[in-house]
Amino acid sequence: MTTTPPTTRWRWLGLALLFWALDQAIKYGVTQSMSLFDSIPIFTGFNWVYVLNPGAAFSFLADAGGWQRYFFTAIAFAVSAVLAVVLWRDVAQKTEAPAYALLLAGALGNGTDRIRIGAVVDYLDLYWRNWHWPAFNLADICVCVAALLLIRASWQPGVPTSATERKNHAA
């Protein structure tokens, strides 16, 4: 197994921490400056809102009775631990590392909300006429961009995905 320089390890973990901190700072600003369910029109098709989502993506299981808070929190921090280890051990290839960092930021961002207030703070509202996309936040954007990066990485043929495969590929 190759040894990764500490600067490379910290680059990806630092990126995750940066996006987590930005996500939490924006959410803190929203909760301190707006009342729940407030909506501020920014331009046609986009509002700045303050809503809480006790469920998962698109409010899945939002009205499940409260158990989902602990379930989704546990998943968020389990995924975060695995991703941090993967980034630290350099298991990911170059094209996957930024995706894992963004996934880590998203999981930590929404997991932190669940621990802190029991639900995820969402503040971005995109709409067209009377149809509104479910409100979302920076952590959600991180997860979506990460998914796109992982899909893109999977289309790159012949690229080793782990440090061991890279070593075997080079031999």
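Modeller: Two strands pair if DSSP finds at least two bridges between them. Helices (H or I, at least four residues) and strands (E, at least two) are DSSP runs, numbered from the N terminus. The model is predicted: local features need pLDDT of at least 70, side-chain atom pairs count only at pLDDT 80 or more, and totals for chains, interfaces and linings use all residues. Residues are numbered from 1 along each chain as its sequence is written, and side-chain values use heavy atoms, with hydrogens and water left out.

Biologist: In what order do the four strands form the open sheet?

Modeller: Strands of a sheet pair through backbone hydrogen bonds, either parallel or antiparallel. Here the order is S1-S2-S3-S4, with antiparallel pairing. S1 and strand S4 (131-132) are the edge strands, each pairing on one side only. Strand S3 (residues 120-128) is joined to S4 by two bridges; Tyr127 has His132 in S4 as its bridge partner.

Biologist: Which strands does helix H3 touch?

Modeller: Contact means heavy atoms within 4.5 Å. Helix H3 (residues 97-117) packs on the sheet and touches strand S2 (46-53) and S3. The direction of H3 makes about 125 degrees with that of S3; axes are lines fitted to C-alpha atoms, for helices over the stretch in contact, and angles run from 0 to 180 degrees between N-to-C directions.

Biologist: How many salt bridges does a search of the whole structure find?

Modeller: Side chains of opposite charge can pair when their charged atoms come close. The criterion is a side-chain nitrogen of Lys or Arg within 4 Å of a carboxyl oxygen of Asp or Glu. The search finds three salt bridges, and Asp23, Lys27, Asp113 and Arg116 are linked in a network of them. Asp23 meets Lys27 at 2.8 Å, N to O; these residues are four apart in helix H1, so about one helical turn separates them. Lys27 also meets Asp113 at 2.8 Å, N to O. That pair links distant parts of the chain, with Asp113 in helix H3 and Lys27 in helix H1, 86 residues apart. Arg116 forms a salt bridge with Asp113, the closest N and O atoms being 3.5 Å apart.
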